[in-house]
Amino acid sequence: MRRKNILIMGAAGRDFHNFNVCFRNNPNYNVVAFTATQIPNIAGRKYPKELAGNLYQDGIPIYGEKNLEFLISKYNIDEVVFSYSDVSHEYIMHKASLVIKAGANFKLLGSNSTMLKSSKPVIAICAVRTGCGKSQTTRKVASILKEMGYKIAIIRHPMPYGDLKKQILQKFNSVEDFKKYNCTIEEIEEYEHHILNGNTVYAGVDYELILREAERETDIILWDGGNNDIPFYKPDLYITIVDPHRANHEVKYFPGEINFIASDVIIINKIDTANPMDIQVVRDNISKYNPDAIVIEAASPIIVNEYKKIKGKNVIVVEDGPTLTHGEMSYGAGKIAAEKYGAKEIIDPRPWLSGKIKETFQKYPNTGNIIPAMGYSGKQIEDLEKTINQIPAELVITGTPIDLSKIIKINKPMVRVYYDIQEIGYPDLKTVIKDFLNKK
């Protein structure tokens, strides 16, 4: 029998992992191509032979997803494997319809096929959408475990946007490692707080290799998820964050709904700023779809050390990029701070947009008058700086997880917005983690 021709639809993350664990050394399959979306500058590259294995001596080409139907026809594709996250159920079925119309099977891979088993306990932090508060929750869990005397390794969902051969296994112990690995803004946003808190972060492309390396040096693996993807490792304690600002998204988006119904613990975050009716919608969905889950309610209070500078000012607001784009939020902590502390006006940046940032607004028009901190490439970073600097504002408010002034030169005063998770009542994270470890 001939090998089945496979095409993997991805966005430079889950797609590579699915290939590595299910197809790389499997003689029954021939992975002809990857397609790419969501993340710029991925298409046109190759998944290199150093990662692809002996069956793929020339590597595997990566095309833009717009070529999907053409590729199915040209390469006689038998199965298309959907392998990216943070999309609506309607979106994914439209893709399925397109694939089936073109003649191929449409396939989703299950957790048994894709979750690797660790020799150490695994605590996974996931979400139902991007921008729910995974990072702050992971920081809190890491702090609790360290206080209890455990040595932890934080393994972050992949963001391999550079040279894949150099990103097979990355280990971050200091901020100097960002330059070593030529990190994007999006990567630094996820790693910096962990590093400053004294934790080691692992990331890369080959997540079995990463896991085995981390297991040698740690007591507990802490999976820091990306978007609303499910874990790459089988969790022993499965924690999912829900955002009531996007109530009902927990049952309408893939694969976030899997996290929602599979979790041991569900955290309803941001209840300090969400509508009480939306919070109740989330509670009702938990009762309906995952009634056995432990429920923790939490606030995400914002902290602005220089809040007095905001009052009466015409401001620019810059927020976390993925939260505004495919996360479909039209605001974040920066906008909340602007309104809370009395900014005169949030200036609409659209008349001054430059280059790649202008393209982002065209692709995601619901971004509105907030600038997403896009930095997947040097050109995006350059255009972000240019856009901010040519807007006639008195102040820049940044709700991004990192200090943007370390990445770009801003020609006007800037204040940062910080936020951490704050559990309300009991059970809280410390109680849940103690109970879990006592049982383990």
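I began with α1, where Arg14, Asp15, Phe16, His17, Asn18, Phe19, Asn20, Cys22 and Phe23 are buried. I am working from a predicted model. Nine of the 10 residues of α1 are buried, so the helix is largely enclosed by the rest of the structure. For this I took buried as under 20% relative accessible area.

**The sheet**

Next I looked up the strand order. I found an open sheet of six strands, β3-β4-β2-β1-β5-β7, with mixed pairing. I noted β3 (46-47) and β7 (105-107) at the edges; each has a single partner strand, so one side of each lacks a neighbour in the sheet.

Then I asked what packs on this sheet. Helix α1 (residues 14-23) does, touching β1, β2 (29-36), β3, β4 (60-64) and β5. I read an angle of about 175° between the direction of α1 and that of β2. Helix α4 (residues 89-102) packs on the sheet too, and I list its contacts as β1, β5 and β7. The direction of α4 makes about 150° with that of β7.

Strands β1 (residues 4-10) and β5 (residues 79-82) run parallel and are joined by four bridges. Opposite isoleucine 6 I found glutamate 79 in β5.

**Strand β10**

I moved on to β10 (residues 169-172). Which residues make up its covered face? I found Gln170 and Phe172 there, while Leu169 and Lys171 form the uncovered face. Strand β10 runs antiparallel to β11 (residues 201-204), and four bridges join them. I traced leucine 169 to its bridge partner in β11, glycine 204.

**The largest pocket**

Last, I looked at the largest pocket. Its volume is about 830 Å³. I counted 50 lining residues, and the closest to the centre are Thr130, Gly131, Glu190, Asp320 and Thr323.

Which element gives the most to the lining? I found that α6 does, with four residues. The elements that each supply at least two lining residues are α6 (134-147), α8 (185-196), β18 (314-320), α12 (321-324) and α13 (333-340).

I also sorted the lining by residue class. It divides into 18 nonpolar, 19 polar and 13 charged residues.

Methods
Residues are numbered from 1 along each chain as its sequence is written. This is a predicted model: local features need pLDDT of at least 70, side-chain atom pairs count only at pLDDT 80 or more; totals for chains, interfaces and linings use all residues. Side-chain values use heavy atoms; hydrogens and water are left out. Two strands pair if DSSP finds at least two bridges between them. Contact means heavy atoms within 4.5 Å. Axes are lines fitted to C-alpha atoms, for helices over the stretch in contact, and angles run from 0 to 180 degrees between N-to-C directions. Buried means under 20% relative accessible area, exposed over 50%, partly exposed in between (1.4 Å probe, protein chains only). On a 1 Å grid over the protein atoms alone, a cavity is a set of points where a 1.4 Å probe fits but cannot get out, and a pocket is an open set with protein on both sides within 12 Å along at least five of seven lines; lining residues have an atom within 4 Å of a point. Grid points are joined across faces, edges and corners, and a volume is the space filled by probe spheres set on the points. Ala, Val, Leu, Ile, Met, Phe, Trp, Tyr, Cys and Pro count as nonpolar, Asp, Glu, Lys and Arg as charged, and the others, Gly among them, as polar.
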